[in-house]
Amino acid sequence: MVAPLQPVLESPREVDVEELEAELSALWRSAAEGASGQRVVTRACALTLLVSVESEDAAWEVSNLIGDVTRQNPCRAIIMASEPLARPGGINAWISAHCHLPVEGEKQVCSEQVAVVARGDSVRALPNVVLPLVIPGLPIYLWWRAPRFEPEPYYEDILRVTDRVLIDSGRFPHPALDLPRLTERAREAGIRMGFSDLNWVRMTPWRELIAQCFDPSELRPYLARVKKVTVEYEKTSPRRSAQEAQAWLLAAWLGSRMNWDPAEPATEASDASRTWIFNSTDGRVEVRLVPREFVGGGEGMCFNITLEAAGDPPARFSLKRGPEGICVTTQCAVEGREPVSRNVRLEVLEEIEVVNDELKYLGRNRVFEQTLAMLGRMAGL
Amino acid sequence: MGLGTEASSVAETALLANPLREGTRVRKTPAPCSIVIFGASGDLTERKLIPALYYLAREHLLPVSFTVTGCAKSPYTTETFREKARQAVQSHLKIPASEAPFLESFAQSLFYISDDFGDVKAYSLLDSMLDRFDRERGTGGNRLFYLATPPSFFPVIVQHLGRAGLAKTRDPEKNWTRIIIEKPFGRDHASAQELNRTVTSVFDEEQVFRIDHYLGKETVQNLLVFRFANGIYEPIWNRRYIDQVQIAVAESLGVENRGAYYEEAGLLRDMIQNHVLQLLSLVAMEPPARFAGTAVRDEKAKVLRAIRPIPPDAVNDLAVRGQYGEGFAGGKKVSAYRSEPKVSPSSVTETYAALKLFIDNWRWADVPFYLRSGKRLAKRVSEITVQFRSVPHLMFRDAIEDIIEPNVMSLRIQPNEGIAVRFGAKLPGPAMRIRPVQMEFRYGESFGAPPPTAYETLLLDCMLGDNTLFNRDDAVELAWELVMPILDRWKNDGERDLAFYEAGSWGPAEADRLLQRDGRRWQRL
């Protein structure tokens, strides 16, 4: 029988900012032994996760998610909240631990969490508080949870030691403006660190399914002969901007993989759809991103992709999200033949699931970087 | 997933030519193919193969165009087979109702032929059906045959596949044809050789995937990563620093409803000849030049070739066999092996075996490898323990009274997969007292996501043409060659020297004496 956790581990305890390291050690000393003197918890750490948020409230919100991160990625999580306009200035810090029981009857596994809230001018001292706390020798991830990735200059020291930044273009209020800005940021970051976009990661299964359509050798030639790509996303969903960003990313991914060359700037129609014309080795390719109403789909669930290719006979490849939400129907239809269809599972991943997945990768993601570069060209940068 | 692929894999090369597959995040999926399962109405198909294939299909790890054709004598129709498959998935994966569309989509890829596959005529129908799938369902001329029948059917099915022209790859530049053969691969050295001859007279060795599901386990694969992706272990992984290696595969269950099979097989055939010797070869092999099928399998075979043969007259000095009697398991009284269903009351079949082996090469000369495996032991655990030599000079000898335990590294395969290192540490206080402490790494604590099952891993590897985790003909024969003197001696000895142990214990005392003679003891598990 495992002894219950000591209260100090469960709820955040405010500590002196100057004594953070010592307080963390004390936290583990007190947790290390149960009432019987028997060791009841194991401290686990595979990385340092820095989380940047815009307010103290946002810090407590993300604090609730960190427990789900530490189950899969044991880490020292440091939540950094900056409120530069708040008065009076100052810095407060809290420590706590997230624990879980991987195997019934075994020891609990705990990861530590530090929350630092900086107000007023003190926001400039954030790196000074945070950097001594990163675990030496382990990767450092920065999860940027603010709506846009526009770090203030005082973040520079933190970015210099960061191995990978996690942003979420799904939170961008204006994807058509904010995504091209991200392109520039990624270019500036250069070889120093990797970039992950959680919204791009959510699209990985879609990219997989599109790629699978062209795995059969007899269908592969159609890829070079694609003439029209249509991506439909939800017009009225609260996640519309996230889906719009995904549609942009998908179009840019196809363009970069296929070496298409944007021939003309995008045209925007009255229904808010955007159309690009690309030049390919086989002629012109039209790519349309279309917001539309979906009937019967779960919220944020609908997303259809169609690729039409010339040839003799021509072919059409489609991926359609079903009303069940987690089901996608893929169809490869060559004119004059029985279409090959199937249903596969495609769950809408929660933010924290995507973060957990991304924390397993280090280094740069070249396909994503090339996609961003193409996106920049599509935006006329 | 296997660790490497051969550069020559046609399907792999073809997939890489798809520019949308660039980048590591898009998972590899095999080329379109038809899977044919012989023994489709059997237990293995229901419990393992169908659930594994469903899982792969649901997670879109299978190609868009794939079919599974079940072949067996049972008078099913395609619809009956589909219904059985739906039930198998429901019962073994406990899927929620929301998965009904995937299950239905998967079921529509299943077909069934009821015929006597001991008769060559049945294969022409199969041939025409596979051709039809290529034309109508885009399966691309790629074929995977899975022999999930009782072993006695293996040779005849292989020969008929050959005669029907189904073993040949249509166009080696574009297609592949592969065959998976379940264990047991032979029941002795001669029958394994004979089966290898039959199989390789029809298929090329590169087409043959001999499955040992143990090798598909995540932790077993991790042995390779542990040894060859970390720089700190390899320099001490040899006779200079290692005193002994122990490999234990213990089961708490008895033979359950497999009494008839077990009477024929016994533990040495069922566990040591395959699983345990596979683990030994992974622990002891030299670093392969690269993580690809041939390189890894070459090194594994070299280890098996270097194991010192056990002469018939030394069997009793180097091997112990036992059989469980009555006892307790999980707090309940359980019967003796001889009282199990379909077991002879005077059976001399071993349910426990322990061996002492030596590997005659530069790395391992004189380092004993102690292997043990058994049914109805105290708990279910598979573990490799590497005990290091004691320090050459103990500077604390005069200052302390404690016995200093040697360092031990434990590689736990199941359950609670992980790695632990035991070392000595000073007890706090003014006196110099040393206690062994344990430093542990557990997969469940560091990586929350559950790994795929062994069958999912191995089926996918086979479709991708990665044979790293499958057995090669020479390794199978070498393993049989090694155990044959023991099997022969035990057969001749009848009940003599068969040690009985209480169910729920750690095996017979004779096994303890095997190590005590060397001044050693089994590691506590």
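**Salt bridges and cysteines in a predicted model**

Let me begin with chain B, where Asp127(B), Asp131(B), Asp134(B), Arg143(B) and Arg170(B) are linked in a network of salt bridges, a salt bridge being a side-chain nitrogen of Lys or Arg within 4 Å of a carboxyl oxygen of Asp or Glu. This is a predicted model, in which local features need pLDDT of at least 70 and side-chain atom pairs count only at pLDDT 80 or more, while totals for chains, interfaces and linings use all residues. Residues are numbered from 1 along each chain as its sequence is written, chains are lettered from A and ligands numbered from 1 in the order in which they are written, and side-chain values use heavy atoms, with hydrogens and water left out.

Over all chains, the structure holds 59 salt bridges. One of them joins Asp270(B) to Lys183(B), with the closest N and O atoms 3.5 Å apart. Because Asp270(B) lies in helix H10 (residues 267–284) and Lys183(B) in the loop between strand S5 (177–181) and helix H7 (189–202), the pair ties together parts of chain B that are 87 residues apart in sequence; helices (H or I, at least four residues) and strands (E, at least two) are DSSP runs, numbered from the N terminus. Asp270(B) is buried at 2% relative accessible area, whereas Lys183(B) is partly exposed at 21%, where buried means under 20%, exposed over 50% and partly exposed in between (1.4 Å probe, protein chains only).

Turning to the cysteines, a search of the whole structure finds zero disulfides over all chains, a disulfide being a pair of cysteine sulfur atoms within 2.5 Å. For Cys462(B), the nearest cysteine sulfur, that of Cys33(B), is 8.8 Å away.
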